[in-house]
Amino acid sequence: MSDNANTVKNLAELISSYSESYNQKLGLGASTEHESSVISAACRELGALVAAPENWVNTVAGSYNNSAAICLALDLGIPRLLSQNRSASLDALIEATGAAPSLLRCVMTLCVENRIFDEPSKETYALNANSTCLLNENFRSWIHYLVDDGLKMGSYLSVYAQNNSFKIPDGKHKTAFEMAFQSRRFDSAMERYFHRSTQAPIEDIFNFDVLRPGATLVDVGGGRGHHSLRLAMQFPQSSFTVQDFMCKKPTIREEPAIAEAMSRVTWQQHDFFEKQPVRGASLYLLSHILMDHTDRSVRRFAVFCTWNIICADGS
Ligand SMILES: C[S@@+](CC[C@H](N)C(=O)[O-])C[C@H]1O[C@@H](n2cnc3c(N)ncnc32)[C@H](O)[C@@H]1O
């Protein structure tokens, strides 16, 4: 057997054995995270090995089609339309959206291929577990941001990099990434963390007991303040300052408990590379902000900070 054929066989066996343990663990209600990641990686490798090289490169290079299809499905409100009935035909979706049949057919075909929607019978579509997530407004904003701003940013990125001789400039928010981050959708997407959905909330990772009565927290680069607001509800005798380029309050619905928490949060326009205007706070929170900047600019930022800092970053 050739090396290639051997690798294909080994990968298929790996997928088969991990599928068994995946099913067993699923039955026991145990975590299947490890099995999922091994199976996904092996399937992808197997796909690349058995595809004709030109087809594989074509598929990878054209993956923007998948993003564009999700983006159009969101723009047309397809998840919401499908949630109103158990399933909907292509004709019903055409009538409800006014979209051209050929465009909508392409969108739905790509989304079904990528398991975003199900197609229980020909040209009849239904939500599945993946698209049900898209009914959550904040998650939808996040995906919309990824596919919409991400596509735009991605298309400029190579020109941007070439113009900068493939170096990352030190400029403040004049990067392609930050330009995309100024979008309304990104702000809204980050607000999903107010509801503690998806990732582990920072208070599950760090001990915020330092927020004793009267304590003050500065949420540096805090966006619209979703973390501060959530913390304010848990620490009723502390106050919070949210600093960001823009000074925007969240769009979270007003309820009495939220209104009280909001009264202890202030929003301040501040560029965190400038001198920190709030001195002597109990805690400075840096959540997911440093990874957007070069090591050199982060070092420049670090010299301003000699206080209690919690840094929750992907970097
Ligand atoms: C990825 S978001 C993180 C938001 C929030 N801290 C969180 O963890 O969800 C990065 C935030 O940093 C802000 N930001 C980036 N550079 C900044 C700067 N130099 N000064 C102030 N805010 C900045 C952006 O506007 C954005 O709201």
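In this predicted model, the side chain of D244 puts an N or O atom 2.6 Å from an oxygen atom of the ligand, which falls under the polar contact cut-off (a pair of N or O atoms within 3.5 Å; within protein, one must be able to donate a hydrogen and the other to accept it, and residues adjacent in sequence count only if both atoms are side-chain atoms). On its own the ligand has 600 Å² of accessible area, and the protein covers 98% of that (Shrake-Rupley method, 1.4 Å probe; for residues, only the protein chains shown count as cover).

The shell around the ligand holds 20 residues, with G221, H226, D244, F272 and S287 the closest; a residue is near when one of its heavy atoms lies within 4 Å. By class the shell splits into 8 nonpolar, 9 polar and 3 charged residues (nonpolar: Ala, Val, Leu, Ile, Met, Phe, Trp, Tyr, Cys and Pro; charged: Asp, Glu, Lys and Arg; polar: the others, Gly among them). Domain 3 (136-187) and domain 4 (200-310) each supply at least three residues to this shell, the domain bounds coming from an automatic or database assignment.

E35 is buried at 4% relative accessible area, while K25 is partly exposed at 30% (buried is under 20%, exposed over 50%, partly exposed in between; 1.4 Å probe, protein chains only).

Another bridge, between E13 and K9, has an N to O distance of 3.1 Å. Both residues lie in helix α1 (residues 3-28), 4 residues apart, about one turn of the helix.

Residues are numbered from 1 along each chain as its sequence is written. For this predicted model, local features need pLDDT of at least 70 and side-chain atom pairs pLDDT 80 or more, whereas totals for chains, interfaces and linings use all residues; side-chain values use heavy atoms, with hydrogens and water left out.

Terms used
A salt bridge is a side-chain nitrogen of Lys or Arg within 4 Å of a carboxyl oxygen of Asp or Glu. Helices (H or I, at least four residues) and strands (E, at least two) are DSSP runs, numbered from the N terminus.
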